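Here is a protein to walk through, one spot at a time. Have the sequence and the 3D view open, and follow along.

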Amino acid sequence: MTNITRRILAVGGALSLAATPILAQQDLGRDGTSWRWDGELPGGGSVQVFNVNGALHFSQSSDATVHVRAEKHVRSGGDPRAVHYAVVRDGTNLTICVLWSDDASCEASGMRGGDRDNDRGRNVSVEVTLQLPAGIRAIGNTVNGDIAIDHINSDVRAGTVNGSVRVTNSSGAVRARSVNGSVNVETRGGPVSAETVNGSINVSMGASGNADMRFRTVSGDIDISVPSSLKAEIDLNTLNGSINSKFPLDYDRDHHRGRGTVGSDGRRLSASTVNGSITLH
């Protein structure tokens with residue numbers, strides 16, 4: 001497992017959970033290709049999911065219950081029994097892991113051990129769909145797969161290596177990361193920070209909150225829409241591209257860097273790309 005993969009799988013670390021779980025269920029869902037789990041979770045808690053090979057989908061539930069559905073997709077030579085699940089509950093926080101080998105384990109801080117590239121699990125992927133009650137934070141981590149999060153009215157954390165991240169109709173703070181994929185965020189709240197390496201970043205915020213915001217890519221454009229009431233220190237940088245801003249900025253000679261102050265808030269909004277343009281509007 002690469003260092004990048006380890007960082008992606010730890011994207012929820014800022015919301016780390018206690019080391020000793022109150023309830024742990026291991027070795028679930030080996031039989032068959034479909035698995036489900038349902039349980040109540042008080043508001044103010046979080047649900048985090050760790051996957052390796054497969055997409056994650058989050059949305060809001062219509063009741064006070066967390067609903068989890070997982071579907072194994074088996075290609076030729078794959079063994080669905082090689083892939084199983086674990087649920088760790090720690091107070092108001094819930095961790096769900098998709099485990100790819102018998103020696104892997106799930107803790108509140110994520111997965112431990114195991115080798116996904118075993119012969120039996122090599123040709124299996126798992127798509128996980130979750131519905132969360134209002135006020136529950138959503139934390140999604142996968143390596144090979146897209147992440148889609150819709151109508152979560154709390155904070156969101158999402159990270160993948162090979163896949164895109166899309167967050168829509170959120171009302172809390174958002175942190176989204178990919179390596180090979182685009183990041184698209186549309187939120188009623190804020191703040192938002194987004195990062196990728198090979199892909200574009202598109203963000204629209206109904207509010208910008210009070211924390212710093214950071215947007216980074218190497219190959220791709222960055223498009224950021226913020227409220228006109230934004231107050232921040234702005235720093236925009238590109239090497240091969242243009243900068244466009246609705247806020248007055250001071251530019252360098254090549255128009256590849258724009259800096260300025262809007263209001264007196266003291267926080268920072270920074271964006272940088274190597275091969276791409278930046279638009280702030």
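Let's start at L94, which sits in strand 7, covering residues 93–99. Strands here are DSSP runs of E with at least two residues, helices are runs of H or I with at least four, and both are numbered from the N terminus. Before going further, a word on what you're looking at: this is a predicted model, where local features need pLDDT of at least 70 and side-chain atom pairs count only at pLDDT 80 or more, while totals for chains, interfaces and linings use all residues. Residues are numbered from 1 along each chain as its sequence is written, and side-chain values use heavy atoms, with hydrogens and water left out.

Is L94 buried or exposed? L94 has a relative accessibility of 1%, so it counts as buried; the cut-offs are under 20% relative accessible area for buried, over 50% for exposed, and in between for partly exposed, with a 1.4 Å probe and protein chains only. If you skip the neighbours within four places in sequence, the contacts of L94 include W37, L41, V66 and V87. Contact here means heavy atoms within 4.5 Å. G45 is 49 residues from L94 in sequence, yet their C-alpha atoms are 7.9 Å apart in space.

Now zoom out. The protein has 26 strands and one helix. Of its 281 residues, 50% are buried. Take the contacts between residues at least 6 apart in sequence: 54% of them join residues at least 24 apart. The accessible surface is about 11,900 Å², with 46% of that belonging to carbon and sulfur atoms; the areas come from the Shrake-Rupley method with a 1.4 Å probe, and for residues only the protein chains shown count as cover.

Next, look for the disulfide. A disulfide is a covalent bond between the sulfur atoms of two cysteines. Counting pairs of cysteine sulfur atoms within 2.5 Å gives one disulfide. It joins C97 to C106, with 2.1 Å from S to S, and it is right-handed, at 65° about the S-S bond. C97 is buried, at a relative accessible area of 0%, and C106 is buried too, at 6%.

Most residues other than glycine have a negative phi, and most peptide bonds are trans. The bond from G190 to P191 is cis, with omega near 0°, and P191 lies in the loop between strand 16 (183–187) and strand 17. D27, in strand 1, has a positive phi of about 55° although it is not a glycine. H151 also has a positive phi of about 55°, and it is found in the loop between strand 12 (147–150) and strand 13 (156–159).
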